Amino acid sequence: MSKSRIVMYILTGLLVAFFLGCASTPQTESTGEYIDDTVITTKVKALLAKDDVLKSFQIGVETFKGVVQLSGFVNAEKTREKARAIAGTVKGVKSVKNDLIIK
């Protein structure tokens, strides 16, 4: 085998390893998914803070692969559903897991 062929195999192997390292699995996100989820989280938090009713509550927002999870306490079912509806309007949100608790 020639040296150029050996170098080509090594570079191909490294390239494959690099792309596999950036791939997502069911438990982890790829770099692009992480960035997308960060943008979604930021947009949802901004919309919740902008709402006159919801801004007074401490609502936690986490996003994993486009699924937004809301957590915290609110005072009524109507408020809980309003937060879910607002989160669902953000582009890129696949679903909303509403774990808000009514006190």
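These legends walk through a few close-up views of one predicted model.

Residues are numbered from 1 along each chain as its sequence is written. Because this is a predicted model, local features need pLDDT of at least 70 and side-chain atom pairs count only at pLDDT 80 or more, while totals for chains, interfaces and linings use all residues; side-chain values use heavy atoms, leaving out hydrogens and water.

**View 1. The sheet, strand by strand.** Here's an open sheet of 3 strands, in the order β1-β2-β3 and with mixed pairing. (Strands are DSSP runs of E, at least two residues; helices are runs of H or I, at least four residues; both are numbered from the N terminus. Two strands pair if DSSP finds at least two bridges between them.) The edges are β1 (59-64) and β3, each pairing on one side only. From one strand to the next, the twist averages 10°, with axes fitted to C-alpha atoms and angles running from 0 to 180 degrees between N-to-C directions.

**View 2. β2 and β3 together.** Strand β2 (residues 67-74) pairs with strand β3 (residues 95-102) in the parallel sense, over 8 bridges. The chain gets from β2 to β3 through α3, in a right-handed β-α-β crossover: with the strands pointing away from the viewer, the path from the first strand over the helix to the second runs clockwise. Look for L70 opposite N98 in β3, and V74 opposite I102 in β3.

View 3. R80 sits in helix α3 (residues 77-88). Its side chain reaches the backbone oxygen of L100 at 2.8 Å. Setting aside neighbours within four places in sequence, R80 is in contact (heavy atoms within 4.5 Å) with V74, N98, L100 and I102.

Conventions
A polar contact is a pair of N or O atoms within 3.5 Å; within protein, one must be able to donate a hydrogen and the other to accept it, and residues adjacent in sequence count only if both atoms are side-chain atoms.
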